[in-house]
Amino acid sequence: MTMSTTSKNSTPKVGFVSLGCPKAGSDAERILTQLRAEGYEISGSYGEADLVVVNTCGFIDSAVEESLDAIGEAINKNGKVIVTGCLGAKKGVVEAAHPSVLAVTGPHALEEVMTAVHANLPKPHEPFIDLVPPQGVRLTPKHYAYLKISEGCNHRCSFCIIPSMRGDLVSRPIGEVLNEAENLVNAGVSEILVISQDTSAYGVDVKYRPGFWNGRPVKTRMTELTQALSELGVWTRLHYVYPYPHVDEVIPLMADGLILPYLDVPFQHASPRILKAMKRPASSENNLARIKAWRDICPDITIRSTFIAGFPGETEDDFKQLLDFMEEAQLDRVGCFAYSAVDGAAANALPDQVPEEVKQERLSRFMEVQERISAAKVHAKIGSIQTVLVDEIVTDVEGNVEAIGRTKADAPEIDGVVYLEDAEGLNPGDFVEVEIYSADGHDLRGGPPRS
């Protein structure tokens, strides 16, 4: 058993116990290097350390016993212990012997160990040498932020080249994601917009392996992620959600007001033949049934989607199926694009490419249908009371102060806005209850409730 040498400073201190073979020692070196790079001091004393990391061995019974003894000693002499290494792969053995450990990770788990350390001992922030604030550098306004939870995609849609550019799905550790979200909220963010190439596939690549946040395990999965985000007390909006069956699990969270009743689901088409040519993972019949079930659970849910008109091989009958789907689905927010060849996309080689004039004609017909649906939905909100998040304050030439904001049904930059009268005293990031007075296109106009 080796324990690091002491360093006496006022910065957070981590004790480190390392057991086992050179491979375990190499893992220990990486963890110690990262701890020092982030400004932690390494303590050689249980009493001086703020927490202790025990890097274990579990190859033979005697090594297991030695590791369990080391964990017990660290708990007795310090109380805050993170376990990593080979024995950590047998999480049940560790937790059965020492249920008070803060976190348990397997071997070669630098990110998971650091996430557990951050959750229980926030890393030092030195304003004179650390030029990046805890929430990072952002391009959005201060009151909302995008939270990217994964990179890449496992789908091979024939019109898309994202996997060739960004690779297969790689989910960020859930503790890292939740720490970022918490830092954003602490910095004044009022709305978090969850994004990825495929939000509903979050965690598939790591088999939904649990991570740690604030000292507790959280499964790397969309449902558990949204449940944890709901604890932060801000709006949480889900984007790019494929309509997998497990998406149904987040709808009750919306109905209970824990996350925004809003789903951005890229359906892309409704014809089974075209969906197959696109290599999309769902059918229109299943999608319609799912939409109905979502609305039964959460009547206020807003569903946004995107579609492609004029995909190679699309016949008039295929397009008619898409229009019929739109009439039945009554989606709230919709974008549509005429198919355009993307260099490297498999769809470029498909037969029966649709002439450009036909694509544009179908796009126009599609938008006529959706404009009618959207107008009816927007006008139905007149007279209602809506919670609005203020995005901007403007003053006209006469000195009247007006605010521009969004309801729960509106994502920034892609959906409608609410123009608020009598907005004196409001600031970006404020929430305000608004009566909707009128509607114009996709936008609403309102002000203080009149009754």
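Which residues gather in a patch of negative charge on the surface? The patch consists of D61, E65, E66 and D69. The model is predicted, so local features need pLDDT of at least 70 and side-chain atom pairs pLDDT 80 or more, while totals for chains, interfaces and linings use all residues. Residues are numbered from 1 along each chain as its sequence is written, and side-chain values use heavy atoms, with hydrogens and water left out.

Patches are built from residues with over 30% relative accessible area and no salt bridge; like charges are joined within 9 Å, and nonpolar side chains (Val, Leu, Ile, Met, Phe, Trp, Tyr) within 5 Å. Asp and Glu count as negative, Lys and Arg as positive; His and the chain ends are not counted. A charge is placed at NZ of Lys, CZ of Arg, CG of Asp or CD of Glu. D61 belongs to helix 2, residues 61-77. Helices (H or I, at least four residues) and strands (E, at least two) are DSSP runs, numbered from the N terminus. D61 is exposed, at 69% relative accessible area. Exposed means over 50%, buried under 20%, and partly exposed in between (1.4 Å probe, protein chains only). Areas come from the Shrake-Rupley method.

K77 and E73 meet in a salt bridge, 3.2 Å from N to O. A salt bridge needs a side-chain nitrogen of Lys or Arg within 4 Å of a carboxyl oxygen of Asp or Glu. The two residues are 4 apart in helix 2, which means a separation of about one helical turn. E73 is partly exposed, at 27%.

The structure holds 31 salt bridges. One of them joins R36 and E41, with the closest N and O atoms 3.9 Å apart. R36 is partly exposed at 42%, whereas E41 is buried at 10%. Another links E435 to R450 at 3.5 Å between the closest N and O atoms. E435 lies in strand 20 (431-440) and R450 in the segment after strand 21 (443-447), so the pair ties together parts 15 residues apart in sequence. E435 is buried at 11%; R450 is exposed at 59%. E314, E316, E361, R362 and R365 are linked in a network of salt bridges.

The whole structure contains 0 disulfides, a disulfide being a pair of cysteine sulfur atoms within 2.5 Å. For C153, the nearest cysteine sulfur is that of C157, 6.3 Å away. C153 is buried at 6%. The sulfur of C336 is 16 Å from its closest cysteine sulfur, in C157, too far for a bond. C336 is also buried, at 11%.

Notes:
Areas by Shrake-Rupley, 256 points an atom, 1.4 Å probe, with all protein chains shown as cover.
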